[in-house]
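I record each look-up in the order in which I made it.

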Amino acid sequence: TLGDTAARSLERLLEDPDSFVRLRTLVGFSRARSLFQPEKTESFLSALRDSSSAVRREGLACLSRNRQALDDPGIVAGVADLLEDPDENVRLDAIRLTTSSNELLASEPVRRRLPDLFMDRLTSGQGILEELNTARDIQRELLPDQPPVLDNQEVAVYYSPAREVGGDYYDFFDLPEGNLGVAVGDVLGKGIPAALTMAGLQGTLMAHIRTLFDIKEIVSLVNQTVCSGGAIPNLVSLFYGVLQLESGRLTYVNAGHNPPLLVSRSGEVRKLETGGLILGVRREEQYEAGLVEMSAGDILVLYTDGITEAMDDDEEEYGMDRLVGAIRSYRDLTARQIAARVVREVERFRGGSVRTDDQTLVVLRQL
């Protein structure tokens, strides 16, 4: 810990009129391994409130190197405030730090700001282009690079946002005792606000998956977080399931999402609808869990409404019946082939009409 003399010297340097002196002092202080975290936390918090945007940015950089400080409520509130900083570069740095930290994404101060972060604020030209690029990069980092490689299942994914960034969400979770978590969601709206709400959803879901086993309780807690998301209402459909990889047993909760299709080797189709209301409608909503067994050759198809509601030039939707027919027709193919054929069929149906919604398709085939 710092002695009294050193502490006073540090305090003077961190309050120096020259912002460059404050910045360099902060850099050196943050990298000192011998100092206790509480001493650093107070200095980081001061940096987040500094009048100089360069110092505020360095404060965020220090936090990315000292992530223990992100457990402090004051730091969380400080980072949340910088999501609306008048300096664009500070905002972008705050977004990068926030979306790389599940703890920040799951926190109430951040959740209140994410959905409307880029709304009701004048921004144009190069500024909005940079924000779009940043949001797109953030979303790419949040979504899995590739589907998991499993012994008893094939998994394929198709994802395509309608705009630079979208509100569709899918994820896989490596769980204990040979279980795989699978999530597909759809945030109401498009563009940057939807993408950032999706980021908050992922952080909240991951935080609860780490500590809870009951998927009904997990989805209920995520719903409570979405319901308290801020002035602009957030509505999010979510399907979350846990697949026991060896047995093929799938336990799931469907919170108002398009019902996934379980297609048997013989062509029988079952819709996975058990669950409850879409997230964000009623805080006290209680969710039910469904249970199905997957056998060899069975196919599980999860999707968002960008697939079934794709329209042709006459504004006719592709629809559930066509999707079911396609899965039945291609059910003897691999998961990757099924996904590719369905997407090709949807695009052929749409023809030259403009696509207005994000599209996500997850195909899981039991071997």
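This is a predicted model: local features need pLDDT of at least 70, side-chain atom pairs count only at pLDDT 80 or more; totals for chains, interfaces and linings use all residues.

I next asked how many aromatic pairs the structure holds. I noted five.

**Entry 1. Tyr-318 and Phe-349.** I turned to the rings of Tyr-318 and Phe-349. Their centres lie 5.6 Å apart with the planes at 70°; an angle over 60 degrees counts as edge-to-face, so this pair is edge-to-face. I located Tyr-318 in the loop between α12 (305-308) and α13 (319-329), and Phe-349 in helix α14 (residues 335-350). The two residues are 31 residues apart, and their pair links distant parts of the chain. I found both Tyr-318 and Phe-349 buried.

**Entry 2. Helix α14.** I compared the length of α14 with expectation. Its 16 residues, at 1.5 Å a residue, should span 22 Å, and I recorded agreement because the end C-alpha atoms are 23 Å apart.

Which residues of α14 are buried? I listed Ala-335, Ile-338, Ala-339, Val-342, Val-343, Val-346, Phe-349 and Arg-350. Viewed down the helix axis, the buried residues of α14 fall within an arc of 125°, so I concluded that they line one face. On the face turned away from that buried side I found the exposed residues Arg-336 and Arg-348.

I also looked up what covers the buried residues of α14: the cover includes β1 (153-160), β10 (299-303), α12, α13 and β11 (359-366). Just after α14, I noted that Gly-351 takes a positive phi of about 65°.

I then examined Arg-341, which lies over the face of Tyr-330, at 5.7 Å from the ring centre.

**Entry 3. Helix α5.** Finally, I looked up helix α5 (residues 73-82), whose buried residues are Ile-75, Val-76, Gly-78, Val-79, Ala-80 and Leu-82. At its N-terminal end I found a cap: a side-chain oxygen of Asp-72 lies 2.9 Å from the backbone nitrogen of Gly-74.

Methods. Residues are numbered from 1 along each chain as its sequence is written. Side-chain values use heavy atoms; hydrogens and water are left out. Rings of Phe, Tyr and Trp (its six-membered ring) pair if their centres lie within 6.5 Å; planes under 30 degrees apart count as stacked, over 60 as edge-to-face and the rest as tilted. Helices (H or I, at least four residues) and strands (E, at least two) are DSSP runs, numbered from the N terminus. Buried means under 20% relative accessible area, exposed over 50%, partly exposed in between (1.4 Å probe, protein chains only). A charge sits over a ring if NZ of Lys or CZ of Arg is within 6 Å of the ring centre and within 35 degrees of the ring normal. The expected span of a helix is 1.5 Å times one less than its number of residues. The arc is that of the directions from the helix axis to the C-beta atoms. Contact means heavy atoms within 4.5 Å. A polar contact is a pair of N or O atoms within 3.5 Å; within protein, one must be able to donate a hydrogen and the other to accept it, and residues adjacent in sequence count only if both atoms are side-chain atoms.
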